[in-house]
Amino acid sequence: MLIFATSDKGGTGRSVTSCNMAYRRALQGETVAYLDFDFGSPTAGAIFDVPKAERGVDASGLHSYFTKHTEAQQLDTALHSDSDTLRDLPRISGAGRLVLLPGDKDGGEFSISADMPARCAQLFLKLDREFDLCIVDLSAGRSYAVDLVLEATARLELRALTSRWLVFHRWTKQHILAAHGLVFGEKGLLKAGERRGHDPLKLNNSVRYVRTAVVDLGVDQESVTRPAQGAWLRRYDQRLREQADKLRMGRARLAGQIPYDPMLQWSEQVIDDSDVSGLKIANQATVQAFEDLAAKLSDERFWEGL
């Protein structure tokens, strides 16, 4: 299964949420590949705490795979991460592997040449045979990375693979509008996909949304000390819900809602249960949200046509 993680804006929590989603699926026993297609800023290695890939690798990253026709380097996080959480993954009964395919250090965005969609399709087919789940973290906005995977997944050889899209956005009016434009705009996913041969209805049915850094009044009661502030937050939350419903981004299309967690704001990292129950530096609601989102990826009833 291919999961494409995208957002219209940077700073949505797309990458850190996707890395935690990958970790949760590996905990459940799956082999997971994480592809850093954020070509302008390939820093997923920093979230996985892989020193040699914090800003991409020196050679044979995904930039080189596409532009120099090298093999794409794979880094098993259990072997290359400084995180105890990831190094301990093989010792957990029933857990699977979590492998990072990093970009190149200082690689930058690149335009799509004629051979790249076929090369991208070959990579996805190869990884789909090797891994249970492939998460592709895409550059924000209407990027070359998005164009590349739309071209690749429209190809005949990939039509049998299950491909799903998660669109990440902060829970604000501006971010809801931006995410809507990324999907439904004139240059958005649906029309860009249709121009490349995708069935627009099928592509639309493969899109779901993830709200991030959402203030949860049930969890953050201590940070809301004034009754007027709490009342305003509830009214504004309702306004945002109505806006999302109106733009076809409401509850039926909601894959997950990640609560605001101070730990994630300062230390974008993979959270494990000890951060909640032992160190007490992360919230249980955050871990539960990651688990729920990870479970939704393969919940066929959730992905049925709307």
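Is Asp299 buried, partly exposed or exposed? Asp299 is partly exposed, with a relative accessible area of 24%. This is a predicted model. The side chain of Asp299 meets that of Arg301 in a salt bridge, at 3.8 Å from N to O. Arg301 counts as exposed, at 68% relative accessibility.

That pair belongs to a wider set. The structure holds 19 salt bridges. Some of them join up: Arg14, Asp38 and Asp137 are linked in a network of salt bridges.

Now turn to helix 1, residues 14-27. Its 14 residues should span 20 Å at 1.5 Å a residue. The end C-alpha atoms of helix 1 are 20 Å apart, which agrees with that expectation. Helix 1 is also mostly covered, with 13 of its 14 residues buried. Buried here means under 20% relative accessible area. Just after helix 1, Gly29 takes a positive phi of about 105°.

Next comes a helix pair. Helix 6 spans residues 116-130, and helix 7 spans residues 144-153. The two pack at an angle of about 75°, with their axes 8 Å apart. That angle makes helix 6 roughly perpendicular to helix 7, because values from 65 to 115 degrees count as such. On the helix 6 side, the contact involves Met116, Pro117, Cys120, Ala121 and Phe124. On the helix 7 side, it involves Leu148, Val149, Glu151 and Ala152. By class, the contact of helix 6 with helix 7 has 8 nonpolar, no polar and 1 charged residues.

Glu151 counts as partly exposed, at 32% relative accessibility. Arg196 also counts as partly exposed, at 24%.

What is the exposure of Glu130? Glu130 is partly exposed, with a relative accessible area of 36%. Lys126 is partly exposed too, with a relative accessible area of 37%.

Notes
Residues are numbered from 1 along each chain as its sequence is written. This is a predicted model: local features need pLDDT of at least 70, side-chain atom pairs count only at pLDDT 80 or more; totals for chains, interfaces and linings use all residues. Side-chain values use heavy atoms; hydrogens and water are left out. Axes are lines fitted to C-alpha atoms, for helices over the stretch in contact, and angles run from 0 to 180 degrees between N-to-C directions. Helices (H or I, at least four residues) and strands (E, at least two) are DSSP runs, numbered from the N terminus. Angles under 35 degrees count as roughly parallel, over 145 as roughly antiparallel, 65 to 115 as roughly perpendicular and the rest as oblique. Contact means heavy atoms within 4.5 Å. Ala, Val, Leu, Ile, Met, Phe, Trp, Tyr, Cys and Pro count as nonpolar, Asp, Glu, Lys and Arg as charged, and the others, Gly among them, as polar. The expected span of a helix is 1.5 Å times one less than its number of residues. Buried means under 20% relative accessible area, exposed over 50%, partly exposed in between (1.4 Å probe, protein chains only). A salt bridge is a side-chain nitrogen of Lys or Arg within 4 Å of a carboxyl oxygen of Asp or Glu.
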